[in-house]
Amino acid sequence: MAPRLQVEQRAVIPGRIVALALLVLLVVATACGGPAPHETTLARGVVSAPESQAAEVGAAILRQGGNAVDAAVAVQFALCVTNGFGAGLGGGGFMLVHDPAAEGNSVSTLDYREKAPAAATRDMFLDEDGQVIKDMGLYTPLASGVPGTVRGMAAAWDRYGSLPWSRLLEPAVKLARDGFVLDPWTADSVKKYSDKFAALPAHLLRHVEFDDYYRGKEGAVLRLPDLADTLERIAREGADEFYRGQTAELLVQEMERDGGLITAADLNAYQAVWREPVEISYRGYRVVSMPPPSSGGIALAEFLNMAETFPPQAMHSAAQIHLFAEIAKRVFADRAEHMGDPDFHHNPMAELTDKHYAQERASEVNRHGRSDPASIRAGEFPRHGASGRETTHFSIVDDHGMAVANTTTLNTAYGSGVVVDGAGFLLNSQMDDFSAKPGVPNDSGVTGSQANEIAPGKRPLSSMTPTMVFEPTGALSLVLGSPGGPSIISTVAQVIVHVVDGHQDLEAAVDLPRFHHQWPPSPEGEDLLLVESQIEYALPQDVLAELSRLGYTIKPRKTLGDVQAVMIQDGVATGVFDRRRTGGVAYP
Ligand code: DON
């Protein structure tokens with residue numbers, strides 16, 4: 001295998017050795033009358049994040065006695081500074097929390113997804129001829145939903161937090177005020193996307209002060225004083241400051257300057273929502289994930305349910321990749337038809353995650369030749385009622401076994417490119433996750449129906465899939481998630497299959513080459529299969545040749561996904577960050 005071009009060394013190997021030593025100490029302490037194993041379930045906690053300075057922030061909070069949610073809040077705000085292209089105060093996301101001390105279902109799922117402003121309309125991105133206006137929902141002040149991140153963090157902290165709110169924001173304020181070091185991956189991305197924003201057509205080029213906000217070369221120390229002030233206000237006054245205070249005023253002024261839709265009333269009304277998780281068993285493991293308005297949990301469940309009807313898969317051969325592409329086509333056809341914000345649309349969740357449905361659907365899979373995507377329809381259920389992109393995932397486990405899986409995003413890299421003047425953060429481009437017109441693909445190439453059309457106050461359908469997997473014994477085994485738009489679902493499914501079916505350790509499961517199929521029939525009649533092209537992750541030539549022979553159009557993508565995960569085995573939590581990009585694993 002070619003040497004990896006990575007700045008960061010994974011802390012996995014030394015981490016494992018230290019963790020083992022701690023486990024030995026724990027066992028000895030227990031034998032000597034120390035804490036009973038059910039009181040302290042793990043030797044120590046771990047933070048796996050896509051940026052190492054933020055991972056260190058989380059580990060420091062755990063060292064101070066904070067729990068996994070305290071650490072998650074601190075990591076999220078730190079990433080809003082160090083990972084400004086993918087996580088930000090102007091975005092939203094989803095969080096899973098596992099609380100081993102809770103009665104009943106130990107996993108709660110928090111929806112802090114952005115919402116369409118009250119003035120949004122179904123056809124707002126269509127021209128007079130009813131055609132979708134390219135990039136209108138991506139790079140303009142109209143592209144942003146009402147941000148959810150700050151309310152989301154406050155909701156998680158209200159329910160689970162143990163350290164003072166302001167203490168959790170302190171590290172982020174310091175990073176923004178004193179500066180943080182720009183890693184090579186981010187430096188590259190700043191360059192690439194500044195060029196991309198600068199090249200936008202004039203009618204979209206409104207307010208991209210990208211360079212002013214976020215410039216620098218690899219190794220440079222970046223300071224973001226406006227953002228430091230904003231974070232300091234939120235630290236002092238709580239989440240209300242963002243939604244009702246000076247930050248809200250600055251955001252509304254930004255909208256008014258340029259015809260954006262978010263008003264003071266939209267900000268005032270925004271709430272994060274706790275929802276019921278999606279849950280299935282997969283070969284005896286319990287898999288828990290995010291329900292709508294993310295499609296991630298249901299799609300993952302459908303994917304794994306169908307996979308379970310076949311013998312365990314290693315996913316290395318063309319035949320296995322073909323099988324998973326066949327499954328994915330059916331999953332994504334259902335996603336396009338049936339999923340949307342549950343406050344506006346009935347998602348047939350029980351039906352789509354049902355084992356019998358999976359069996360029926362899997363029986364349509366053609367193992368020897370391709371099913372033409374155009375021939376695949378969504379499953380039919382009775383209807384009820386009315387109806388580059390960057391993202392950031394981190395996983396945290398504390399020494400009591402409390403865990404957080406959190407995926408957050410501005411949608412595309414640097415969101416809409418619109419910076420709130422004076423507040424120092426970018427606004428999201430999440431409105432592109434709605435279906436601007438039935439059947440017309442969005443920037444990620446997925447289509448939608450009425451279920452995901454734009455409506456005031458509605459949340460756009462997501463693919464984010466923060467997930468936890470529990471052993472057949474009930475013990476937490478895996479905490480994971482990834483960016484990648486619709487390919488998040490394939491990425492998370494593949495890592496789980498590598499661990500459960502392939503008995504891979506987490507590092508290998510994250511390293512293995514990935515692929516992705518998302519169904520919509522292409523106008524040219526191609527059957528598109530995305531595969532990784534970066535040399536370390538590329539599938540062998542003979543596998544690619546066999547897939548081409550089967551009739552797939554192979555579409556290379558440098559890499560797919562960026563998994564940050566934690567695995568717990570024998571009371572030891574080990575973190576892994578994806579070597580496809582930079583990242584960090586930090587132990588308290
Ligand atoms: O919510 C979603 O599914 C998308 N907005 C996520 C975008 C994404 O993951 C881009 N990152 N690579």
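Mentor: The shell around the ligand splits into three nonpolar, seven polar and four charged residues; here Ala, Val, Leu, Ile, Met, Phe, Trp, Tyr, Cys and Pro count as nonpolar, Asp, Glu, Lys and Arg as charged, and the others, Gly among them, as polar. Keep in mind that this is a predicted model, where local features need pLDDT of at least 70 and side-chain atom pairs count only at pLDDT 80 or more, while totals for chains, interfaces and linings use all residues. Residues are numbered from 1 along each chain as its sequence is written, and side-chain values use heavy atoms, with hydrogens and water left out.

So who's in that shell? There are 14 residues around the ligand, the closest being Thr-391, Asn-411, Asp-433, Ser-462 and Ser-463 (a residue is near if one of its heavy atoms lies within 4 Å). Domain 1 (18–24 + 39–274 + 398–450) and domain 2 (282–365 + 465–567) each supply at least three residues of the shell; the bounds come from an automatic or database domain assignment.

Now the polar atoms. Gln-430 puts a side-chain N or O atom 2.7 Å from a nitrogen atom of the ligand. Glu-390 has a backbone N or O atom 3.2 Å from a ligand nitrogen. With Gly-485, a polar backbone atom sits 2.7 Å from an oxygen atom of the ligand. On its own the ligand has 340 Å² of accessible area, and the protein covers 97% of that (Shrake-Rupley method, 1.4 Å probe).

Definitions and conventions: A polar contact is a pair of N or O atoms within 3.5 Å; within protein, one must be able to donate a hydrogen and the other to accept it, and residues adjacent in sequence count only if both atoms are side-chain atoms.
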